[in-house]
Amino acid sequence: MGHEDGVSTTTIDKAFEALYASDDHSLDTAASLLAADRGADAELARRGEEFVRTLWTRGWQPADLIRTARRELADEHVRLLSSLIREETAGYERLPHRWQAQLDDLHDVGTPRPTDRFSYATTVLELYRILVRLPRLDAVGPVPGEALPPAAAGEPRMLTRIRALLAKAEATGYPEEAEALTAKAQELMARHSLDEATLAAGAPSPETPGAIRIGVEPPYEQAKAILLDAVATANHCRAVWNEAYGFSTVVGFEADLDPVELLYTSLLVQGTAAMTRAEAEQRAGGRKRTKSFRQSFLLAYANRLGTRLSATSRRVAAETPTLLPALASREAAVTTRTDELFPETRSTRVRAAWDEDGWTHGATAADKAGLHPNRRHLP
């Protein structure tokens, strides 16, 4: 079984009773037990990897766990969790698609132990208490150890082109250039989606929609979730926001999922930069900007961009009307899959203080980052 001696195992079993208690006194007592028994350390780490492995089977992925730890706990817990995830996933010959990128984003953990054993044991127990209480999530992909589809040979050329365009859009200091680059990226996405619909229409066994989770980080999560929904909708996907755990699940065909994440991330970077510039201009004019300004800015930015993204997708689709039935069939499949995964979704009212200047500046920023269908002034 690979356990330590019986005394250490008994120590851990007794200490772990605190994971299901709600008072801090139980946690302190348990930490004292673990601190006093050096022989329990290896088994304590093994149990942590076991908790992580169980969460994979319950629908969680590395980025989801790290996101939750950051929201609920402190840096030392995130470092410890990163170490556990690295150790647990190191034993698999292959990992599911997108997992390696999540692992690459983990902290450079080093040795996450505080100087004294009691503090370390407390950190471990606080983390494990969160892990054992996490609910089951709807699976959005295979679990490590399961049979995996054949690995793709590198990144699709289209995705590489989109990534390069958006990187340039984020880096430029010229709004018109950013607009043109972002517009071209969305046009590529729309055309690629049509190409995939064409291929699927002639395939003997149609592909089924998949899903990915994308973090929606504070502050102003609601505005960010609306922006992600706008990007997803314009690209034949659906987004469902889980406010409690800080992510949205985007449901769509595989060829559309990574581009949606890329475009959302880029537009968020561009929008945040534009918001910062707008605040600086307001302060220079002697007006103090508030949380309501930033909320209104991002909501207007998301609302206006959603309209323009969808207009670009419709324009590209209209250029090949014979593909519209195939596209409609794929969108219906995405809706069906979303309803299967999330049968109890509900609409959420926008909760934000109104600031007219913030809304106006946000709408203007969306126009500058926007997707004018007639612009062709790319180099």
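What percentage of the 379 residues of the chain count as buried? The figure is 47%, where buried means under 20% relative accessible area, exposed means over 50%, and partly exposed is what lies in between (1.4 Å probe, protein chains only). Before going on, keep in mind that this is a predicted model, in which local features need pLDDT of at least 70 and side-chain atom pairs count only at pLDDT 80 or more, while totals for chains, interfaces and linings use all residues. Residues are numbered from 1 along each chain as its sequence is written, and side-chain values use heavy atoms, with hydrogens and water left out.

Now the overall picture. The chain's secondary structure comes to 14 helices and 3 strands; these are DSSP runs (H or I of at least four residues for helices, E of at least two for strands), numbered from the N terminus. Take the contacts between residues at least 6 apart in sequence, a contact being heavy atoms within 4.5 Å: 80% of them join residues at least 24 apart. As for surface, the chain exposes about 19,100 Å², and carbon and sulfur atoms supply 52% of that. Those areas come from the Shrake-Rupley method with a 1.4 Å probe, and for residues only the protein chains shown count as cover.

Strand E1 (residues 210-215) runs antiparallel to E3 and is joined to it by 6 bridges, with Ile212 standing opposite Val250. Strand E2 (residues 238-242) is antiparallel to E3 too, over 5 bridges, and here Val240 stands opposite Thr249. E2 and E3 make a hairpin with 4 residues between them, and in the turn Gly246 has a positive phi of about 70°.

Next, the charged side chains. Side chains of opposite charge can pair when their charged atoms come close. A salt bridge here is a side-chain nitrogen of Lys or Arg within 4 Å of a carboxyl oxygen of Asp or Glu, and a search of the whole structure finds 18 of them. One of these joins Arg117 and Asp41, at 3.0 Å from N to O. This pair links distant parts of the chain, since Arg117 is in helix H7 (residues 117-131) and Asp41 is in helix H3 (residues 41-57), 76 residues apart. Asp41 is partly exposed, at 22% relative accessible area.

Helix H3 also holds a local pair. Arg46 and Glu50 meet in a salt bridge at 3.2 Å, N to O, and they sit 4 residues apart in H3, about one turn of the helix. Both are partly exposed: Arg46 has a relative accessible area of 25%, and Glu50 has 32%. These two residues belong to a network of salt bridges that also links Asp13, Glu43 and Arg47.

Another local pair turns up in helix H13 (residues 324-341), where Arg337 and Glu340 are 3 residues apart, or about one helical turn. Their closest N and O atoms are 3.2 Å apart, forming a salt bridge. Arg337 is partly exposed at 28% relative accessibility, whereas Glu340, at 51%, counts as exposed.

How values were computed:
Two strands pair if DSSP finds at least two bridges between them.
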